[in-house]
Amino acid sequence: MTTRFRVNSPNVIHETIEGEVILIDLKTGTYYSLREAGAAIWEAIDRGAGLDAIEDALERRYEGSSDEIREAARRLVDELEREGLVRAEEADGSRPVFEPGHGVRRPFEAPSLEKHTDMQDLILLDPVHEVGAQGWPHPAPPDEASG
Amino acid sequence: MSRAATAPAGPASTLAGLHDDFERAARAAGGAVDLRLRIAARPVRIRFAGEAAAEALRPAFAHLEAPEAEPPALTLHVWDSERPTFAPPRGVEADAGTAGTGPSYYSEGEDFRALHQPASDVVSVLSAEADRGWFWMPDATALPYWDYTAPFRHLLSWWLDAEGFRHVHGGAVGTADGGVLIVGPGGSGKSTTALASLLDERLRYAGDDYVAVGSGPAPVVHSLYCSGKVHPEDLHRLPHLEPLLADGKPLDEKAVFYVESAIAGFPLRAIVVPRVTDRRAARALPGTQAAALAALAPSTIFQLHPPAREALAQMAQLVRRVPTYVLELGTDVETIPTELLRLLER
């Protein structure tokens, strides 16, 4: 058994555009962006990678010491987990294989998770409650129906 | 957000009574007043119970009024005073009492979507076939500005969704040949950019907050509302708006305008993310697709209920199809339309 990471679907939605990842947490309204090595780590997680496979994916694209890369990857994955964007799970089977990056490997820079909370006010101040299970709309009691 | 939740028999039978509720209210208010519009190039009929409700809400659609020509793709029934014969949702209001527009209660079944907003006590219901909707409010003349400047926002967004359009949070200006979508959070200069376009008669206004965007390889912007809003303290920067000020509306929160010459829509040529700077003249610079997506998608997704999760992929597709720019706004607002026109000529 190995530990892998999964995107915390369906609460978390994401899109990669021009190499940058935009992540949105539908529960909290917080949205995030990841660039460069951060985007590579996200892509690996989206493919069901564990830390070893993430490190492997980064080393194919970036030049840096294994320790530096492993430490930076662990730090970002911890942060993604703390933010509720990914979750760890135990899994069997083969790990994803990553193709070498195109062209020369670039110098590794530790990734950072950019966090934006400006939508949170909207969610917290004006929350939406789903009431489908209670069968609304339902008929009003006679005294209110006349009001 | 489960769309799969099926409605028990109660809601279906209750919804059937909405038609009677509306007709009764219309009779009491002196008859129904019909407004015929073309929204997203589709015929839409809005039936108001009485003149007062029509007068309060029709100005936002002044630019979309159209002669009756074909059967409507959507008919909305709009009334106030006499409460619909179904009750607001219960048992979930313990955490009410927040600021803002307050909590909302959303419900959907196989044949309807419904939203109750207790702060303004507005109820919106759309049938699943998406060709009929109902909108009830306690008093048409007492709606908050965000409701009367963009009426039936939820009903229209659900309907547009079913018709293959996306209701997006953004302003838009342009010409019949093409225009820009202006995106960004509140305070980013979205309204200023859109309303500054009125300084140049070559540019037409299509909205400052919400528009519809058609999907497909050649995206098109459709105007929804010709209203515009600015903070009263920003009015001195936009003196050309004064003749358009909506009569009788207090300026306490936002100054409200109606631009009757607004355009119904245009092909989308670019996405613009305004940014307030201390420059004098406005300047458009190439922007990244990711920055445009971050400015467009979260607020589009969270402005409406339920949050439209599929909008992220749709918006990403849109951003990939047209060029994106950062528009640095300066102190001289008259340079904004000139810069937008220059950008459209590229």
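Is Y205(B) buried or exposed, judged by its C-beta neighbours inside 10 Å?

## A residue in chain B

Y205(B) counts as buried because it has 25 C-beta neighbours inside 10 Å; a residue is called buried if 20 or more other C-beta atoms lie within 10 Å of its own, exposed if 12 or fewer, and partly exposed in between, with C-beta atoms placed from the backbone. Y205(B) is found in strand β12 of chain B, which covers residues 204–207. Here helices (H or I, at least four residues) and strands (E, at least two) are DSSP runs, numbered from the N terminus.

Once its neighbours within four places in sequence are left aside, Y205(B) is in contact with V173(B), A194(B), S197(B), L198(B), C226(B), V259(B), A262(B) and I263(B), where contact means that the C-beta atoms of two residues, placed from the backbone, lie within 7 Å. L181(B) is 24 residues from Y205(B) in sequence, and their C-alpha atoms are 11 Å apart in space.

## How the model is read

This is a predicted model, in which local features need pLDDT of at least 70 and side-chain atom pairs count only at pLDDT 80 or more, while totals for chains, interfaces and linings use all residues. Residues are numbered from 1 along each chain as its sequence is written, and chains are lettered from A and ligands numbered from 1 in the order in which they are written.

## Chain A and its sheet

Chain A has 5 helices and 10 strands, and buried residues make up 33% of its 147 residues. Among the contacts in chain A with a separation of 6 or more, 67% are between residues 24 or more positions apart.

Four strands of chain A form an open sheet in the order β2-β3-β4-β8, with antiparallel pairing; two strands pair if DSSP finds at least two bridges between them. The edge strands, each pairing on one side only, are β2 (12–17) and β8 (114–116) of chain A, and the twist averages 20° from one strand to the next. β2(A) pairs with β3(A), residues 20–25, in the antiparallel sense over 6 bridges, and the bridge partner of T16(A) in β3(A) is V21(A).

Helix α6 of chain B (residues 289–303) packs on this sheet, touching β2, β3 and β4 (31–34) of chain A, and its direction makes about 10° with that of β3(A). Axes are lines fitted to C-alpha atoms, for helices over the stretch in contact, and angles run from 0 to 180 degrees between N-to-C directions.

## Helix α2 and its partners

In α2(A), the residues A53(A), I54(A), E55(A), A57(A) and L58(A) are buried, and the buried residues of this helix pack against α1 (36–46), β5 (62–63) and α3 of chain A.

The axes of α2(A), residues 51–61, and α3(A), residues 66–82, come within 10 Å and cross at roughly 125°, so the two helices are oblique to each other. Angles under 35 degrees count as roughly parallel, over 145 as roughly antiparallel, 65 to 115 as roughly perpendicular and the rest as oblique. In this contact, L51(A), I54(A), E55(A), L58(A) and E59(A) of α2(A) meet I69(A), R70(A), A73(A), R74(A) and V77(A) of α3(A).

α1(A) and α2(A) pack at an angle of about 135°, with their axes 9 Å apart, and are therefore also oblique to each other. Here A37(A), A40(A), I41(A) and A44(A) of α1(A) meet A53(A), I54(A), A57(A), L58(A) and R61(A) of α2(A).
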